[in-house]
Amino acid sequence: MKPPIPLNLGDVLLLRKKHPCGNDLWVVTRLGADIRIRCTKCGHSVLVPRARLERMIRKVLEGTNEDRDSRTD
Ligand SMILES: [Zn+2]
């Protein structure tokens with residue numbers, strides 16, 4: 001079991017899925033059961049259920065869990 005990924009407002013997320021604009025970096029702009037993220041390139045924002053977002057995350061670039069990212073699976 002993986003622990004939930006700690007997310008904070010302003011965290012920059014590298015997602016597995018690219019936005020159609022070609023960017024894969026997103027900023028967390030709202031927290032909750034659903035999390036709002038905004039594309040850092042085109043400014044488009046989407047609301048994603050937390051469980052689904054966690055599966056989309058490849059890496060948290062700015063946040064409190066950088067140690068987790070350095071581990072290899
Ligand atoms: Zn975009």
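Confidence in the protein chain is highest in β3, at 97, and lowest in helix α2 (residues 66-69), at a mean of 50; pLDDT is the predictor's confidence in each residue, from 0 to 100. The protein chain averages a pLDDT of 86, and 82% of the residues score at least 70. Where pLDDT is low, the predicted coordinates should not be read in detail. This is a predicted model, in which local features need pLDDT of at least 70 and side-chain atom pairs count only at pLDDT 80 or more, while totals for chains, interfaces and linings use all residues. Residues are numbered from 1 along each chain as its sequence is written.

**Elements and sheet**

Two helices and five strands make up the secondary structure of the protein chain. Helices (H or I, at least four residues) and strands (E, at least two) are DSSP runs, numbered from the N terminus. In that direction the elements run β-β-β-β-α-β-α.

The five strands form an open sheet in the order β4-β3-β2-β1-β5, with antiparallel pairing. The edges are held by β4 (45-49) and β5 (57-62), each with a single partner strand, so one side of each has no neighbour in the sheet. From one strand to the next the twist averages 35 degrees, where axes are lines fitted to C-alpha atoms, for helices over the stretch in contact, and angles run from 0 to 180 degrees between N-to-C directions.

Two strands count as paired if DSSP finds at least two bridges between them.

| Strand pair | Bridges | Sense | A bridge pair |
|---|---|---|---|
| β3 (residues 34-39) and β4 | five | antiparallel | I35 and V48 |
| β1 and β2 | three | antiparallel | V12 and V27 |
| β1 and β5 | four | antiparallel | L14 and K59 |

**Burial and core**

Of the 73 residues in the protein chain, 14% are buried. A residue is buried if 20 or more other C-beta atoms lie within 10 Å of its own, exposed if 12 or fewer, and partly exposed in between, with C-beta atoms placed from the backbone.

The largest nonpolar core has nine residues: L7, L13, W26, V28, I35, I37, C39, L53 and V60. Such a core is a set of buried Ala, Val, Leu, Ile, Met, Phe, Trp, Tyr and Cys residues joined through C-beta atoms within 7 Å. At least two of its residues come from each of β2 (25-30) and β3, and β3 gives the largest share, three residues.

Contact means that the C-beta atoms of two residues, placed from the backbone, lie within 7 Å. Among contacts in the protein chain between residues at least 6 apart in sequence, 35% join residues at least 24 apart.

**The segment before β1**

L7 lies in the segment before β1 (12-15), and P6 is placed in the segment before β1 as well. L7 counts as buried because it has 20 C-beta neighbours inside 10 Å. P6, with 11 other C-beta atoms within 10 Å, is exposed. For P6 and V60, 54 residues apart along the chain, the C-alpha separation is 9.3 Å.
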